Amino acid sequence: MQQDPYGDAESLFRAFYHGVVRVAYSLAGNKADAEDIAQESFCKVLAVWTRIAALRTAAEQRAYVTRIVINEALRVLRYPYRKRESLGTGAGEREAVDDPVDGKVQARDDLHALWEAIAELPEMRRAVISLYAAGYEYEEIAACLGISSSAVRSHMSDARRQLSRTLSRERKVARG
Amino acid sequence: MTMGAQGDEHREILDRLHERGRQRAGALPEFDAGKTISRAYAVRDAGAVNFWNVLSPTERSAFERAARPRTFRPGSVLMREGEPAEGVVVILDGRVRVCLSEDGRERAIAERGPGDLVGERGTAPGNVRSATVVALGMVQALVMETADYVAFVSEYPGVPDLVMKQTYDRRGRP
């Protein structure tokens, strides 16, 4: 059964708010940045509302909002120390944004290069691999983006292959 | 290190991120939807959003890749009312005047500056220009063709919806 689309931006955003902050917090790792991502995402939802309102189902709207949130999260992950004019975001919580996965200095650089490369992927590959990095399983990713599990698998393997190529090329440039 | 392993470290990192993401989702702090929403309205109502500002760095660099940089001399015409709208222009530096011809005279109706997108009609194919835009001084701009703009918007869902905004024409013309 397909749910009718939401008729106003606020109801839509409230309905998917849990998913929005889950993606934001799982990727950013701190509350201040997650709030910032959520706020910027809603700004974008308002700005593109006519397009979201024209979608046929709530599931399509959810997929659209999810893609917006992922792009906002990648913005934060790529530029963790950028100067911001946000409303009262605590600067002290910022360090957690790009913490190395295993505490090694090398890992921090690898991680940054990875977010850069992910941000440059085509739309669906970018969305699928970002949700995977946020801890979502394939079935959950499929539900969030309104595609089949097999489509998720196919986008994942394309994304991984493209990331391998991009990152090994960058590494050669860095060493050469 | 073997050649084959180069670039493949990301698989391991991704799997670790995946695990970390699951753990974070399990310990999700409380968020206030009302606060998020009212802050977003405040940002919008403050008028702090012009086209270039609202784009993320990723979107900006994608826009720059697909667009062509151009310099317009003072007094030169960026687009002319009634001509086919074949693209959009983002002003990076300088100011422009937006004019309409009324009763055979050019009438200035607005000015636009850095970050503004002019030529919204060029966001969709088949339109004609609704106004004439003239450079007031030296103007640095990015020019993007309609087909490239359509592709750009479909790739980046967060880009402001200018196509719909332009449907209410200032003079009631279609």
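Trainee: What makes up chain B, in helices and strands?

Mentor: Chain B has six helices and eight strands. Helices are DSSP runs of H or I with at least four residues, and strands are runs of E with at least two, numbered from the N terminus. This is a predicted model, where local features need pLDDT of at least 70, side-chain atom pairs count only at pLDDT 80 or more, and totals for chains, interfaces and linings use all residues. Residues are numbered from 1 along each chain as its sequence is written, while chains are lettered from A and ligands numbered from 1 in the order in which they are written.

Trainee: How do you know that the span of helix α1 of chain B agrees with its 18 residues?

Mentor: The expected span is 1.5 Å times one less than the number of residues. For residues 9-26 that gives 26 Å, and the end C-alpha atoms are 26 Å apart, so the two agree.

Trainee: Which residues of α1(B) are buried?

Mentor: B:His10, B:Ile13, B:Leu14, B:Leu17, B:Gly21 and B:Arg24. Buried means 20 or more other C-beta atoms within 10 Å of the residue's own, exposed means 12 or fewer, and partly exposed is in between, with C-beta atoms placed from the backbone.

Trainee: Why are they said to be on the same side of α1(B)?

Mentor: Because they cover an arc of only 100 degrees around the axis, taking directions from the helix axis to the C-beta atoms. The face turned away carries exposed residues, including B:Arg11 and B:Glu12.
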